[in-house]
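This briefing is intended for readers who wish to relate the sequence to the arrangement of side chains. The points that follow are grouped by topic.

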Amino acid sequence: MSRPFLFALLLACGAAFGQSNGVAEAYYRSFQYERSGDNRNAILALADVLKSFPESYTVNLRLGWLHFNAGNFADSLERYQKAVKAAPYSTEARVGQAAVLVFQKKWGDAEALLLQVLTIDLYNYYGNLKLAYVLRMGRKPEQAEKLARKMLSLYPSDVSWLVELGWARWAQKDLAGATALFNDVQVLDPENLDARSYFTPVKK
């Protein structure tokens, strides 16, 4: 992330926040630690920023992400909730919360949260994608398919959505439809892991 973009991001959370050189340096160190896979120190690098700006959207959003990567799921949810409180119409913070719930296989809670995302932004890409996955895992493949077709009307060659539609058709025992979709996926993305996993049992 470039310094100018970072400062623009910080300024969105208040002039005092964005004008602090200490904040910029803390973020820089946090990003450096994250790049090396050191989530613990990436979190610790922002400790003083959080202390100075406990209600900041930006720092809570980032800490939500870092705690998720570190496996601190309760802390991650707490930070994402703080971010939502700071920016009530934020979709990215809610999608972050949902990612934690998906990892914990709390399908009902994740579905309810992602429906909030779609209430704010009906065609939110990641909100729809995670919701389609959640619905499929929650044994609602018909609803997952409906979302996939809605989004494919906007992104007809999007591999992630073709994969989701393929699994939704497979879950409904439409093997011919699923196979056709995963064939398309392999054409567009020959190394796609979902397509490989789909065809591996067939090859056995």
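A residue is called buried when its relative accessible area is under 20%, exposed when it is over 50%, and partly exposed in between. D174, with a relative accessible area of 24%, is therefore partly exposed. The model is a predicted one. A search of the whole structure finds nine salt bridges and 13 aromatic pairs.

- Side chains of opposite charge can pair when their charged atoms come close.
- A salt bridge connects E145 with R149, and the closest N and O atoms of this pair are 2.8 Å apart.
- Both E145 and R149 belong to helix 11 (residues 141-152), where four residues, about one turn of the helix, separate them.
- E145 counts as buried because its relative accessibility is 11%, whereas R149, at 46%, counts as partly exposed.
- E145 also forms a salt bridge with R169, the closest N and O atoms being 2.5 Å apart.
- This second pair links distant parts of the chain, since R169 lies in helix 12 (residues 159-171) and E145 in helix 11, 24 residues apart.
- R169 and E145 are both buried.
- R169 forms a further salt bridge with D174, with 2.9 Å between the closest N and O atoms.
- The relative accessibility of R169 is 16%, so R169 counts as buried.
- Through shared partners, the salt bridges join E145, R149, R169 and D174 into one network.

**Helix 7 and its buried side**

- Helix 7 (residues 73-86) has 14 residues, which at 1.5 Å a residue should span 20 Å; the end C-alpha atoms are 20 Å apart, in agreement with that expectation.
- F73, S76, L77, R79, Y80, A83 and V84 are the buried residues of helix 7.
- These residues cover an arc of only 165° around the axis, and they are therefore on the same side of helix 7.
- A74 and K85 are exposed residues on the face of helix 7 turned away from its buried side.
- The packing partners of the buried residues of helix 7 are helix 5 (47-52), helix 6 (57-70) and helix 8 (91-103).

**Helix 6**

- The 14 residues of helix 6 should span 20 Å at 1.5 Å a residue, and the distance of 20 Å between its end C-alpha atoms agrees.
- Helix 6 is mostly covered, with 11 of its 14 residues buried.
- Among the buried residues of helix 6 are Y57, V59, L61, R62, H67 and F68.

**Nonpolar cores**

- The largest nonpolar core contains 45 residues, and A93, W161, F182 and V185 have the most contacts inside it.
- Another core, of 12 residues, lies apart from the largest one and includes A26, Y27, I43 and L46.
- Leaving aside residues up to four places away in sequence, V185 touches V159, L162, V163, P190, N192 and A195.

**Aromatic pairs**

- A pair of aromatic rings is described by the distance of the centres and the angle of the planes.
- Y27 and F31 form a tilted aromatic pair, at 6.1 Å centre to centre and with 55° between the planes.
- Y27 and F31 are four residues apart in helix 3 (residues 21-35), so about one helical turn separates them.
- Y27 and F31 are both buried.
- The ring centres of F68 and F103 are 6.1 Å apart and the ring planes stand at 90°, so this pair is edge-to-face.
- F103 is exposed, having a relative accessible area of 55%.
- W167, W170, F182, Y198 and F199 are linked into a cluster by ring pairs.

- I120 is located in helix 9 (residues 107-120).
- With a relative accessible area of 34%, I120 is partly exposed.
- I120 and S90 are 30 residues apart in sequence, and their C-alpha atoms are 8.5 Å apart in space.
- Not counting residues up to four places away in sequence, I120 touches P88, Y89, T91 and R94.

Notes:
Residues are numbered from 1 along each chain as its sequence is written. This is a predicted model: local features need pLDDT of at least 70, side-chain atom pairs count only at pLDDT 80 or more; totals for chains, interfaces and linings use all residues. Side-chain values use heavy atoms; hydrogens and water are left out. Helices (H or I, at least four residues) and strands (E, at least two) are DSSP runs, numbered from the N terminus. The expected span of a helix is 1.5 Å times one less than its number of residues. Buried means under 20% relative accessible area, exposed over 50%, partly exposed in between (1.4 Å probe, protein chains only). The arc is that of the directions from the helix axis to the C-beta atoms. Contact means heavy atoms within 4.5 Å. A nonpolar core is a set of buried Ala, Val, Leu, Ile, Met, Phe, Trp, Tyr and Cys residues joined through side-chain atoms within 4.5 Å. A salt bridge is a side-chain nitrogen of Lys or Arg within 4 Å of a carboxyl oxygen of Asp or Glu. Rings of Phe, Tyr and Trp (its six-membered ring) pair if their centres lie within 6.5 Å; planes under 30 degrees apart count as stacked, over 60 as edge-to-face and the rest as tilted.
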